[in-house]
Amino acid sequence: MAGIIYQLLASSTLLSLGLYHLICTIRNFLKSPQSYSAKPFYPFPFSSNLRLKHLPLYLLMLCLFIAFLHQSFISSDPDPLVKGRTPVYHFITLNSAAVLFLFLILSLSFFLSESTSLLPLPPDLFFAFASALFFLHYSVSDGAASVQTSDLQAKCDSLSARVSALASLMCLILSCQPKLFIAEVGLGAALCLQGLWVLQTGLSLYVEAFIPEGCHKLLDVVSGVEGSTKCDLDESRLRAVAILDLVFVVHVMFVIIIVMLTYAVVAKSVGVRRLGSYEPLPANASDSNHIQMKALAGTQA
């Protein structure tokens, strides 16, 4: 039960962060395309209070702190299958906790940079740090997938690692080209995709109704530690992996729809007109142009 609750918290945090970043990015670009520049984090735009402006950042740091504590505590969970702690599971969770702690430090550093003069770091440097941390998360998730004894868990970790690699690439591009709007949209989309996939991972591993046919949870492993979801036959294992690949593609399609709808809604709220569209001239402007053309024709004659 604790496992699925943690997955829901992580999923809602990542999805909310991704949507918030998408909305602020599109809003920032449409308001002033010429002076647009990517930002690691956007202050809350609907409040004049300095404290409330950093409310999303406060919530992000709180969620990162909770996730860090959770990963640190569950690293010592007992595994009844081996009558003690599983070394692989212990080090995997400690690696995840270390990455979350680094993200927490990065968020705190950005808060100090925005609210005080103690750490006046430029945005491109924060994007470079974020790129390094996302790549580290990719490395940890990919390493966890290679040592997992559960095929479902390994596949979920492998796909999560690919999303982290995409986020790392977007941050690296933004650190070099901060005016590249599509890269910042890609970063927000990657965060949304990671949030959806974390939710799917929790459902596929901890909720019986979503576990693929032919696979099951081991009843004597209550906490859902390493290897607690097994597939009986190779055919069932391959079928489950193929289903997860298909579900991942569906999530990608869903994120693309989210990005398109978000852009449309924000563009309508900002009031941006379509570039290059035909707009009739006012009547007085048409008359003025007509008089000037007649005068020009008379002069030439």
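This is a predicted model: local features need pLDDT of at least 70, side-chain atom pairs count only at pLDDT 80 or more; totals for chains, interfaces and linings use all residues.
The lining of the second largest pocket comprises 10 nonpolar residues, two polar residues and no charged ones.

**Pocket**

The second largest pocket holds about 220 Å³ of space. Its lining consists of Thr13, Ser16, Leu17, Tyr20, Phe41, Phe44, Leu55, Pro56, Leu59, Leu60, Leu62 and Cys63. Two helices, H1 (2–31) and H3 (55–74), each contribute at least two residues to this lining. H3 gives the largest share, with six residues.

**Salt bridges**

Side chains of opposite charge can pair when their charged atoms come close. The count here is two salt bridges, listed below.

| Pair | N to O distance |
|---|---|
| Lys155 and Asp245 | 3.0 Å |
| Glu213 and Arg239 | 3.7 Å |

The bridge between Lys155 and Asp245 connects distant parts of the chain: Lys155 sits in helix H6 (residues 151–176) and Asp245 in helix H8 (residues 234–270), 90 residues apart. Lys155 has a relative accessibility of 15%, so Lys155 is classed as buried, the cut-off being under 20%. Asp245 has 30% and is therefore partly exposed.

Arg239, at 39%, counts as partly exposed.

**Aromatic pairs**

There are 11 aromatic pairs in the model. One of them joins Phe29 and Tyr36 in an edge-to-face arrangement, with 5.5 Å from centre to centre and 85 degrees between the planes. Both Phe29 and Tyr36 are buried.

Phe29 also pairs with Phe181: the ring centres are 4.1 Å apart and the planes lie at 15 degrees, so this pair is stacked. Phe29 belongs to helix H1 and Phe181 to helix H7, which means that the pair ties together parts 152 residues apart in sequence. Phe181 has a relative accessible area of 16% and is therefore buried.

Through ring pairs, Phe29, Tyr36, Phe181 and Tyr263 are linked into a cluster.

Definitions and conventions
Residues are numbered from 1 along each chain as its sequence is written. Side-chain values use heavy atoms; hydrogens and water are left out. A salt bridge is a side-chain nitrogen of Lys or Arg within 4 Å of a carboxyl oxygen of Asp or Glu. Helices (H or I, at least four residues) and strands (E, at least two) are DSSP runs, numbered from the N terminus. Buried means under 20% relative accessible area, exposed over 50%, partly exposed in between (1.4 Å probe, protein chains only). On a 1 Å grid over the protein atoms alone, a cavity is a set of points where a 1.4 Å probe fits but cannot get out, and a pocket is an open set with protein on both sides within 12 Å along at least five of seven lines; lining residues have an atom within 4 Å of a point. Grid points are joined across faces, edges and corners, and a volume is the space filled by probe spheres set on the points. Ala, Val, Leu, Ile, Met, Phe, Trp, Tyr, Cys and Pro count as nonpolar, Asp, Glu, Lys and Arg as charged, and the others, Gly among them, as polar. Rings of Phe, Tyr and Trp (its six-membered ring) pair if their centres lie within 6.5 Å; planes under 30 degrees apart count as stacked, over 60 as edge-to-face and the rest as tilted.
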